[in-house]
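Please keep the sequence and the model open while reading.

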Amino acid sequence: MASSDPGLTRLRTALRVILAVSSALLLVVVIIMLLGQSPLVPTIMAAVVAMLASMTMNDSTPGGKAITAAIAPIAAGVGATVSILTAPIPALSTTAFILVMFAAVWMRRFGARFFADGFLLWMGFFMPLFIGAKLPSLPWLIRGAAISAGWVWLLRVTLLKDRPHRTLRRMVDAFWTRTWQVMQTASERLETPDDGRVARRLWSRRAQITEVALLIDGQLADVTAAPIPRRFQVRQWLIEVEMACDEVCGAANELAVTADVPSSVRLAAQNALLALARGQWDLAQTKLEKFAHAPGSGYLRQMRRLAVAAQAIEKAGRLRDERGTTGEPSAVQSTAVELIPNSNDEPRRSPASTRSDDPGGDENFTSAVTLFGGNLPGTAGTAKKALEEGPRRRWTNGGRLSLTTRQAFQAALAGGIAIAAGHLVSGQRWYWAVIAAFVAFAGTSNSGETVRRTSARVGGTLIGLALAVLFANLTVGNTALAAVCVFICIFCAFYIQRISYAAMTVFITIMLGQLYVLLGSYSGHTLVLRLEETAVGAAIGVAVSLLVLPTGTRAAAKIASSELFKLLGQLLGTLADRVDPAAQDENQKRSKADDGDGDGKPAATQDDGNDGDGNEDPAAKGAPADLLASARGIDAQLNQVIQVNRAVSSTTPSSSDRAALQHRLDVLSAVCSAARGLAVDVQTARSPSSTPLAQVCRRLAELVTGFPADLQGREAGAADSASGRLAALDEELAELADDGSEIWLRRSRRHLQRMSGALKVLLDGHSGSRPAKGPPAPQHLPYGWPLLEKRR
């Protein structure tokens with residue numbers, strides 16, 4: 001569970017929803033009955049408010065949570081008031097429903113709090129229509145919502161209070177659990193070298209480690225999560241463990257595909273990896289110690305890589321065993337900071353010590369990602385940038401409309417059509433079509449994601465229908481059992497939501513069947529109508545997202561890739577300045593001038609490096625830039641590229657094109673891995689200085705900044721030009737001394753060669769030397785990063 005749910009975010013969310021809904025329902029029922037009223041109408045609204053508020057009340061302070069709690073019943077009350085007042089006139093009610101759908105989506109532009117309030121506004125309008133509420137029941141609806149919101153706020157600041165330091169500790173545990181899983185899968189790779197599924201699983205699990213590292217980086221933005229003096233060292237510690245995992249994966253893959261590896265050597269590597277996965281450090285070292293300094297190439301070189309990486313992981317694992325088991329905040333600090341192990345074979349300064357090249361104190365720490373409800377962000381930011389920076393289309397495509405305004409128009413139009421189409425299917429159950437059309441635009445930011453979401457909803461409803469009929473036949477006449485099933489389904493739906501929207505829909509459909517059992521109105525025909533209405537609404541949502549003010553999925557993917565290359569170019573440029581002696585001299589002069597020694601003026605009259613908003617710029621003060629922050633930012637952007645291209649894959653009918661797309665994403669992962677290693681080697685080196693390396697970095701930065709970002713292979717001319725420039729850079733890298741130079745320089749050179757090799761493979765997809773479509777030939781990147789031709 002620690003591995004599949006880092007920080008136990010999903011588990012805590014599901015438990016929070018169950019506890020909030022059940023306790024709020026009980027409280028509202030008791031209060032309303034004491035007042036002599038029927039509790040049915042208020043409890044339905046209270047349940048909806050409790051469910052949404054418990055998930056979205058994520059403000060960092062009790063005051064912020066109080067504001068969220070105060071707005072929630074207002075939004076639900078406004079929706080309910082409009083619904084009840086317009087219900088007697090069908091045309092007016094329909095018009096109001098469409099306007100409410102527009103407003104509910106449009107207000108998402110104001111942040112996460114209003115995202116939830118928009119849903120509450122919509123649900124506030126919908127629920128009176130669903131239950132047939134009349135004007136006399138309106139005050140009780142609002143009272144139920146207010147009681148529920150207040151109760152959830154009380155729970156969220158007491159019993160269900162967020163404890164960021166515990167979440168951080170759980171995320172660190174998940175990081176290590178996934179590290180052990182990589183070791184185990186690498187051993188399986190050696191045991192079954194011909195099984196392509198194991199190879200794919202190995203690299204998938206390696207990618208999951210970076211996913212958890214990004215979650216930890218985002219969690220560190222909360223100062224209460226890591227009450228430590230230096231959060232920069234936590235980031236370095238994570239990246240160095242990731243580098244060790246890269247070496248393990250690369251060495252295991254190369255050993256698996258090398259034919260002349262003696263069986264005894266392969267068995268030793270396999271057993272050593274299993275020992276690492278089990279925490280048997282001494283056994284792992286016994287298996288690999290004779291290879292740590294063994295001369296030779298081929299499989300011996302891979303065994304050396306494996307031995308060095310195993311030593312780094314062993315140091316980190318021993319540290320965790322000694323200091324990370326108490327569960328107290330101090331243990332988190334020790335696990336993340338003290339005696340942080342190195343992933344390479346060169347002795348480095350301990351990141352726990354004070355360093356002269358730090359980019360500033362802990363107050364200057366900036367997370368690479370902003371978590372959304374404890375999870376990594378979606379692709380809305382990329383979609384917005386695609387609309388802002390993409391070509392201006394004719395007025396029918398929306399021109400300069402923002403993402404939220406586009407989706408508001410889409411949701412309103414789809415909802416209006418779904419109302420009409422839903423009535424044609426069923427005059428009573430038409431609202432299922434409206435729900436399917438409206439939620440198609442929730443949690444999505446482009447047309448491809450809408451297609452994926454609606455397809456999952458229809459498929460989940462279909463499967464859930466069969467299961468709902470089965471469970472309903474088992475619980476008919478047993479009210480207690482049906483009620484238990486309802487709460488179990490709610491828990492499972494919210495627990496599985498981030499993993500599979502289709503699975504969530506399955507549990508929601510089963511829950512609805514049980515609700516009909518409780519209400520005494522269950523029939524198989526009703527569930528079949530739900531499937532039909534859902535399919536109609538989903539089809540309308542997809543059609544509107546593709547035809548009306550569409551946000552192009554491929555355009556978003558191209559923008560995401562362009563931004564990735566831009567960040568990579570910036571990192572390379574910063575690296576060049578860090579190792580260039582001339583740039584170092586200039587920085588020293590600037591630092592002296594900032595101290596007031598440059599022209600004899602007092603320091604207070606010098607340029608204070610302020611950006612005009614009161615924020616100090618460490619670079620302007622002569623402090624070195626944080627290379628690891630840049631590397632982590634590249635990882636975060638790669639996550640965006642992967643997310644957007646999942647949506648591209650869902651709208652790509654050709655299996656060969658999907659395989660080619662996956663191939664290119666694998667290459668981009670290798671590029672980012674090389675950038676990560678390059679940043680660590682330069683950041684941790686003692687006074688790095690190399691003019692030739694700086695020149696290579698600057699040329700490569702210039703190349704990747706304008707790199708062909710279109711992963712669909714439509715820029716063959718630019719790709720051919722870039723290939724020629726990469727070949728020239730390879731010659732310069734070959735001229736850098738390999739023997740006698742400093743270890744950090746030799747490693748940096750190898751990382752640059754690895755990056756260059758990966759970029760060459762990527763350019764093969766754009767070159768005019770082969771067709772753009774179809775999967776590339778099977779090949780391997782330098783250092784063992786596999787490029788699989790096709791999933792088999």
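The points below concern a predicted model and are grouped by topic.

The chain has 792 residues, of which 52% count as buried. Its secondary structure consists of 27 helices and two strands. The structure holds 26 salt bridges, and several of them are described under their own headings.

**Overall make-up**

- Taking contacts between residues at least 6 apart in sequence, 80% join residues at least 24 apart.

- Helix α20 covers residues 524-547, and at 1.5 Å a residue its 24 residues should span 34 Å. The C-alpha atoms at its ends are 35 Å apart, which agrees with that expectation.
- Just after α20, leucine 549 takes a positive phi of about 50°.
- Helix α27 (residues 743-763) has 21 residues, which should span 30 Å at 1.5 Å a residue. Its end C-alpha atoms are 30 Å apart, in agreement.
- Helix α27 is mostly covered, with 16 of its 21 residues buried.

- Leu462, Ile463, Leu467, Leu470, Phe471 and Leu474 make a nonpolar surface patch of about 550 Å².
- Leucine 474, one of these residues, is found in helix α17 (residues 447-475).
- Leucine 474 has a relative accessible area of 58%, so it counts as exposed, the cut-off being over 50%.

- Aspartate 246 and arginine 206 meet through their side chains in a salt bridge, at 2.6 Å from N to O. This pair links distant parts of the chain: aspartate 246 belongs to helix α9 (residues 231-257) and arginine 206 to helix α8 (residues 196-219), 40 residues apart.
- Aspartate 246 counts as buried because its relative accessibility is 3%, under the 20% limit. Arginine 206 also has 3% relative accessibility and counts as buried.
- A salt bridge joins arginine 305 to glutamate 247, and the closest N and O atoms are 2.8 Å apart. This pair, too, links distant parts of the chain: arginine 305 is in helix α12 (residues 299-323) and glutamate 247 is in helix α9, 58 residues apart.
- Arginine 305 counts as buried at 9% relative accessibility, whereas glutamate 247 is partly exposed, with a relative accessible area of 21%.

- Which residue forms a salt bridge with aspartate 730? The partner is lysine 760, and the closest N and O atoms are 2.3 Å apart.
- Aspartate 730 lies in helix α26 (residues 716-735) and lysine 760 in helix α27, so the pair ties together parts that are 30 residues apart in sequence.
- Lysine 760 is partly exposed, with a relative accessible area of 31%.

**A salt-bridge network**

How values were computed
Residues numbered from 1 in each chain as written. Predicted model: local features only at pLDDT ≥ 70, side-chain atom pairs only at ≥ 80, totals over all residues. Heavy atoms only, no water. Helix = DSSP H or I, 4+ residues; strand = E, 2+ residues; numbered from the N terminus. Expected span 1.5 Å × (residues − 1). Buried < 20%, exposed > 50% of the residue type's maximum accessible area, 1.4 Å probe, protein only. Patch = residues over 30% accessible without salt bridge, like charges linked within 9 Å, V, L, I, M, F, W, Y side chains within 5 Å. Areas by Shrake-Rupley, 256 points an atom, 1.4 Å probe, with all protein chains shown as cover. Salt bridge = Lys/Arg side-chain N within 4 Å of Asp/Glu carboxyl O. Contact = heavy atoms within 4.5 Å.
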